[in-house]
Structures are given as structure tokens and as C-alpha cells.
Amino acid sequence: MPPREHPCAILGCKAQHKSLHRLPANEQQRLKWLSFIFEDKVPENVPKLLYVCANHFSVDCLENAGQYNSGFASKLFLKTGSVPTIRDPVSLQATMSTKSNKVDVACQTETFHTSLHSVGTQLSFRTLQAKRRSTSVQTTISSFELTVPSASSTAFMTSTPLKPSLKRPRLELEEEEEEEEEEEAAAEETLTESKIIAQDSDVTFDPAEECTSATEPTDLSIQECPVHNIAKFIVYETCLMELFSDCPVCQRRCDVKSQRLGTFLSVQQVCPHCEFVRKWNSQPIIGSTPAGNLHLSAAVYLSGASFFVVEKVFAAMKLHIFKYNSFRRHARLCIEPAIVHKWRNWQSEMLEQLSRRENVIVGGDMRADSPGHSAKYGIYTMMDLATNTVVDLQLVQSNEVGGSYHMEKEGLKRSLDLLDARGVRLECIITDRHPQIQKYLRDRNVTQFYDVWHIEKGISKKLDKICQIKGCEKLRKWLRSIKNHIYWTAASSTTGPERVAKWTSILNHVQDKHVHEDPNFPACLHPQRISRDKNKWLSAATMPFYKLEKVLANKRILKDVAKLSPHHQTSTVEAFHSVILRFAPKNVVFPFLGMLCRLYLAALHYNENAGRPQATSATGKPIYKLAFPKAKKGEYRVREVKTQQTFGYVEELLDLIFNQVFVDPSPYVDEVLGIHIPPALSSAYDRPEMEEAISSRVTRFNQ
């Protein structure tokens, strides 16, 4: 019972109801209450704690009148916006009809066609007993029929842990109690998604601690939470079935039936003694699909994980999961169409921005799905090097172009055609030294530069082999200087002849000659120094110098040095290719559309996280880390530590899948059907009958 010092504030209230309601926090509602209490003569100094009993509210204002009359609630709760209107009430019991003992607990919440939603209740067999705490469950209003329910008929209820009083057990709902108005507002914002009590609440009603905003029902029109944003928990079967084993009315044993569909569980509880009935679903149902099944498929796909790996994890934890065919059906009808739509919309906006720019510099390179000349797929990446953004991806299958050797040229051709069609004006393109690419760009009249790293890697490999020859060990002292020299040549030169002159000057430099005959670079720029190690200098008539000159002054090398990129490089393209491994590992075979969608996911992930700033400590100091690359053979590198990655594209794709694609998949599926998918590599071969193939099967160990 409420304390005696807090009676009903209505003057002359004789038959005070035990359910008291404190003044609401909302200022407009508060003024209406005060106007009724003081009969439009509100004093200047109003007490902080004023309560109005339930007798002064009409039945339409009460959220759980039926539950109260049936004995499933010991207190009455008000709907949002309720105002007292009855000055001299008759007994409240005379104005409310009674209910029968047959109750569907899952129907204690109105469907979504109304704007009001009662706080979800929890009725377990332990609720009526003392010294026990019940476990929160989620209830829905829809009975379990997988082929009938729709998204509009599925309501979400929240649950609150209960702590029965040691004095006498009660069946009632307690809300989270807060003192500060800021905490009340925060609780209202999250009430629809989940109602988790931070501290135990005594069932004894205490107006001094009661919070009006917590007892008011939630307005779903404002605070409705999407199904894929609701928190999930792992629940053990024995703990869950404890909630349904005994009847909450007569406390006798009930008949419990359950039905499972993937991660979805439906439980029906029937009491054969008092005819109490309760139906409960573990997750909402949208259309005829459990939301958790679709959400899990989308989470696995969008994160780049493997369904079979996740299936093994679930099996190890004894978690139920659907079959691979269901995963593929979700991917085919919802997930892949959403990915294609998301990427094309983003790409269209990016190309529109590029078309308004002048002198666009792009970098291109191909990644094969397997090493060697037996690759099935070739992925050609076109990146805007000024913004470090992937603007186009082309997936080429080897049987489209007559072999894996021709895939890179075909991917480049498709990307350039797309850029031309969208009006993007290229200043130049930076690629590797693929001979087919060189000829194609020359015929197409596109300015081409070469990535420095690709040339340096080829030269370094040749020099490493020369250093292993007897008598040429002396050359190893110059390997680092030669590598640095090629990068300096590219960065400090503006024309092709200048690059060649600076590059060939290294042959004089290793002989301790620093004046050159080429007018484009007549002398070394470093100051004159006296070397401490005079044995490092090479002589023109020795084998090390002859081998070095043969590599550095090669005609093809000189021709390629003249086209070294003076500004951007394709290292960012190589970085993106390493990101692809997270979404499409080379040891896994994907169908054409599956590979294409995973490439789009990799591009969305890279574009979102490529520009992350460097992380800092609590004091604002930049954070670095030491790395020891295997190729450097013991040498360390200092690298910046970036801030944590973000996955906003995943949230956007989930919103797209649940809010649009699942509702009407036709336009999104049509967009996927417009993609040209080449025939499988095995389509060119004759497929024998299975019985014939089995009968002709032989092994070397057959007797």
C-alpha cells in the first residue's frame, strides 16, 4: 500500500483506489492534471509530489483494465496522454467488465494499427512464488502460423524482471525507476527496443519512487524499432522452458508444445485444468519468414564470412540454424539484389562527381582469383587516385575472352568504356607494364604511366640473383641505394628524358663519378663527400659493373623509366586487393554473381575506411607500431595505427533489405537479372549420366 502521507490529491476522494499515478513529466500534461486537481485555480506553490488515484480516470484511459480484472495485474497503468476527468467517481470495478480465465498472453499488446503500445508483460510459472526471480521473455500477439502472419500483424512486447515481495506474492508488472528527468527521457527513447531493469524493483508500490513516465505506455509511432536493430541474446532451452512448465493461474503442470524453423522457436502453453493458453514466438515474423533467419543470413553475407564456418560454430555451441539452401534463397531474393542496388547507386553518384572534374587521374590493375595462368576470374579495379576511392570493378571470366591471359585487357576496356559513357575526362592512367595494356592504351590514345613499385620489384629480383654470383657480392652494398634512386627519379622529374638521365647517372655514381655527359642531368645533386669505405666503388672493367649495367641500361628498362608515374602510384589499388581476400578468399570457389557481390562489398568497405585518421592516445599523442615484414629479413618498419574501422555500409544494407527489398523484391531482382552472367567453365564439356560415370570409375588400387 502507498504511504499514508501521500493520499489522492483530489479533494473529497473517499473511496481511494490503491493504484496511484504521479503528475506526468510532460509540462502540458502536468498543467492539465493540475487544472483538474485544483478546479482551474492552481496555486503558485504546488507540492512536488501529487498523486491521483485510478478512480478519477475513465476506463478508456486505462491500459490494462482487462488484465487487472482477470487477476493478472495488481496495478492499473495509464495510456499516454491520459487526463483525470471524473471528480466524484463510482467504484471503478462497476465500470469495467470482467474477463474469463482463458488468456492469450501474447495478445496483451495492441497491433500496429494503433499508435499506443502497452509495456510488455511477463507471466511465468515462477511469478506467483516468493523468493524467486523470473527470466525476461519476448512475447508477440501472433499465433504460430508460418504461412499466414504478416509484418503488420506482429507486435513486439518488452519484458521486465520481477522481484516478488517476501510479504505476499503478487502478479504485477514493475517498471524501471528513475529520479532524474534526463534519465527518464533516455529510458523513453529505448523502451520500445528493450526493457532491461538495472536494479531489482520491489512489488510493493511506493509513490515516492514511482516515475510517471515509466508507467506510461510507449508511443510506437515515434519510437518503433526496426526488427534488425533489436538486441538478441543466447537462451538455453532448459531456462526457457521453465517459463512455460507451470500454469501462472492455477500453478499446475501445463502441456507445452514447441516448433522450430531454423533459428525461430514457437512455444504453445496450454493448461488442461483452467484452460489458460499462452503462445510465444522467439522472434518477429515478417511475411512468412522469421526475422532472425533472414538477419543471420544477411549478417553472414555482408560481413564476408562463410556460411559453412558459421554453421560449424553453431554446431559446436548446439545452436539451431537453417540449412544452406535457405541461406542461398535469402541471398538470391534479398541480399544480393540489395548489394547490387547499393553499389550501383553509390557508383552513379561517384561517376557524376568525376564527370564534373577535370584532369582525373585513375589507377588500374587486375587481380586473379588464383595464381598462375589457370585463373577462373579476373577482377579489374579502377580507382580514383586523388581521393583513394574505388570507382569501378569489372569481373571477367576466363571463358569470355579465350583464356586468363586476356582478362586484364578486357577488364580495362570495360572500365574505360564506362568512364567514357559517363563523361569522365582522364588526364592519365597508371598501371603496371602489361604488354597488352600498353598497346591497347596507345591505340586508344590514353596517356599511360607506370607504377614505380612494379618496375623496382622486377629490377630488385634481377639484382638479387646477380649478387649470388661469385665475384659479384660487392654489388649487394648498392641494392638499397638503387631502390631509393628509382623512386627519387620518378618523384623529382617532370619529363621522360630527365627521368632517363637521372636513372642512368647511377652507373657513374657507383664508379665515384658525379659529373655526367647528359645535359638533362649534368651532375649529381648531393654534396661532395669523402667515402669511409673506398672498397664499395665499382670499376668499369669488372664483372659486377658489367652485370649492373646490363640490367639498368636495358632498352626496355630505359623505355619504361621514361614513363614512371611522377605523382600517384597504384599501391592503394594493391591495398584494396588485399581487402578483397577478406570477402572472397582465393581458396573458396564462388559463382559469378556471388563473386561479383563480394567484390562490391569489399569496395564499399574500402571506400568507407580508406581515409581513416591516425589513432591517438588519451593524451593526444599519435600511436605507432613496429612491424617486421618477412621480406625485409629482420628489418623493422614503423607504421601508423589507424582508428577503428566502421561498418556503416552494413547498417545501410540491412535497412535496405528489411525495409525495401523484402517488402517488394521485384525491381531489385530485375536489376540483378540484367547482369550478364557467362556460362560455367564446364558447360563446354559433355556431361555423362551418373550411372555410366560410376560404372566406369576405376582407381589404381582396383584388383
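Modeller: What follows treats the salt bridges, and then the charged and nonpolar surface patches.

The model is predicted, so local features need pLDDT of at least 70 and side-chain atom pairs count only at pLDDT 80 or more, while totals for chains, interfaces and linings use all residues. Residues are numbered from 1 along each chain as its sequence is written, and side-chain values use heavy atoms, with hydrogens and water left out.

A salt bridge is a side-chain nitrogen of Lys or Arg within 4 Å of a carboxyl oxygen of Asp or Glu; by this rule the count comes to 18. One of them joins arginine 357 to aspartate 384, at 2.9 Å from N to O. This pair links distant parts of the chain, 27 residues apart: arginine 357 is in the loop between α9 (324-355) and β10 (360-368), and aspartate 384 is in strand β11 (residues 377-384). Here helices (H or I, at least four residues) and strands (E, at least two) are DSSP runs, numbered from the N terminus. Arginine 357 is partly exposed at 27% relative accessibility, whereas aspartate 384 is buried at 0%; buried means under 20% relative accessible area, exposed over 50%, and partly exposed in between (1.4 Å probe, protein chains only).

Two further bridges lie within helices. In helix α12 (residues 435-444), aspartate 443 and lysine 439 are four residues apart, about one turn of the helix, and their side chains meet at 3.0 Å, N to O. Aspartate 443 is exposed at 55%, and lysine 439 is partly exposed at 47%. Helix α15 (residues 496-509) holds lysine 502 and glutamate 498, also four residues apart, and both are buried. Their salt bridge spans 3.0 Å, N to O. Elsewhere, salt bridges that share partners join Lys413, Asp417, Asp420 and Arg444 into one network.

Patches are made of residues with over 30% relative accessible area and no salt bridge, with like charges joined within 9 Å and nonpolar side chains (Val, Leu, Ile, Met, Phe, Trp, Tyr) within 5 Å. A nonpolar patch consists of Ile234, Tyr236, Val309, Val313 and Met317, with about 530 Å² of accessible area together, as given by the Shrake-Rupley method with a 1.4 Å probe. Valine 313 sits in helix α8 (residues 307-316) and is partly exposed at 43%.
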